[in-house]
Amino acid sequence: MKNMIEFLKKTSTGAVEIYEEKGRVYLARFSHEQREAYLYKPDFYTKTFATSGIIIAFETKAKSICAKTAIEQGSSRSFFYFDTYVNGVLCDHSGGQFEKGTETDFNLNIELADGKKLVEIYFPQLACASVKDFLFDGISVSDLCGEKWRPVEKNGKRVLFFGDSITQGYDAEHPSYDYAAITARRNGYEFVNKGIGGDVHNSRVLFKDSFDPELIFVAYGTNDWNGMPTRESFVSNIKGFYEKLTSIYPTTPIVAISPVWRKDNDIERPTGDFFGIHDTICDICADFENVTVVDGMNFVGRCEELFSDKKLHPNDLGFFTYAESLCRKLIEIGFIE
């Protein structure tokens with residue numbers, strides 16, 4: 001496994017730890033310490049294993065590649081897909097269904113044209129995909145000693161995404177189509193996705209890891225509004241999150257995205273008016289110099305056809321709309337040109 005781990009360390013982005021277990025290699029977007037912090041809620045702990053935002057990229061002259069993977073639960077969903085880009089073009093979208101609580105073997109087989117190619121493989125964002133083997137022209141990387149592939153230089157701006165199910169990628173079918181992946185691809189970011197479906201502004205899970213971001217996005221709020229028992233706990237959670245985040249990253253620019261529209265916004269909650277969340281986050285973040293708040297209410301739109309469940313989680317088209325809106329806003333506020 002030594003050459004396999006070395007291959008994945010040199011070619012992957014999105015992972016803060018890479019380790020061998022059960023005869024395969026895991027690419028983890030959470031450190032051990034961060035993952036342990038989620039043990040208080042088993043559902044969230046399971047989601048830390050999802051491979052959202054994990055990408056491997058390399059140059060090769062091989063005419064075929066094969067990723068032998070094991071698929072395990074990484075969310076409440078039971079589908080998984082890989083997206084493979086060749087020279088910047090989406091050329092393969094492969095995956096399927098699996099039974100939650102079980103392990104499914106899946107071989108990603110890609111035929112390639114002659115000559116040197118840049119290959120980028122996006123891993124499933126709502127399942128855990130570990131690597132049992134990786135072959136170039138039928139030969140395992142364990143036997144190649146660096147032959148057949150060359151790593152791609154990692155020189156993009158390092159960006160960290162915090163958020164709930166929408167940040168994790170619910171419910172894009174294509175892992176390369178969620179808003180974090182699209183935003184990163186359009187702007188050349190190297191990114192880590194910390195999104196956890198159902199999560200709120202939760203300071204207990206904030207720990208610095210090996211990834212040193214130059215820009216941070218935070219997109220919580222909809223679950224805070226829907227699940228907090230009181231207005232006081234709602235406000236306290238948000239304030240506590242930004243106090244700890246800015247203590248860990250005191251000079252790193254942070255973009256706080258208030259929640260996107262949801263169909264059940266008119267339900268009365270003890271946390272207050274859904275349409276007032278943006279103003280609440282603005283009031284709290286006014287105390288933090290490195291935090292800029294942007295209004296995400298219309299980032300996806302208010303058309304049911306943009307949501308996989310017709311009410312909350314964007315589909316592929318909804319995510320394209322989100323990313324387009326976010327990038328326009330980043331240009332407007334001077335974060336990108």
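**Salt bridges and a helix with its cover**

Arg158 and Glu214 form a salt bridge, with their closest N and O atoms 3.6 Å apart; the term stands for a side-chain nitrogen of Lys or Arg within 4 Å of a carboxyl oxygen of Asp or Glu. Arg158 sits in strand S13 and Glu214 in the loop between strand S14 (190-193) and S15, so this pair ties together parts 56 residues apart in sequence. Helices (H or I, at least four residues) and strands (E, at least two) are DSSP runs, numbered from the N terminus.

A word on the source: this is a predicted model, where local features need pLDDT of at least 70 and side-chain atom pairs count only at pLDDT 80 or more, while totals for chains, interfaces and linings use all residues. Residues are numbered from 1 along each chain as its sequence is written, and side-chain values use heavy atoms, leaving out hydrogens and water.

The structure holds 18 salt bridges. In one of them, the side chains of Arg24 and Glu103 meet at 2.9 Å, N to O. Arg24 belongs to strand S3 (residues 24-28) and Glu103 to the loop between strand S7 (89-97) and strand S8 (104-111), so the link spans 79 residues in sequence. Arg24 is buried at 4% relative accessibility, whereas Glu103 is partly exposed at 38% (buried is under 20% relative accessible area, exposed over 50%, partly exposed in between; 1.4 Å probe, protein chains only).

Now turn to helix H7 (residues 231-248), whose 18 residues reach 26 Å from first C-alpha to last. Among its buried residues are Phe234, Ile238 and Phe241. The cover over the buried residues of H7 includes strand S13 (158-163) and strand S15 (215-219).

Technical notes. The expected span of a helix is 1.5 Å times one less than its number of residues. Contact means heavy atoms within 4.5 Å.
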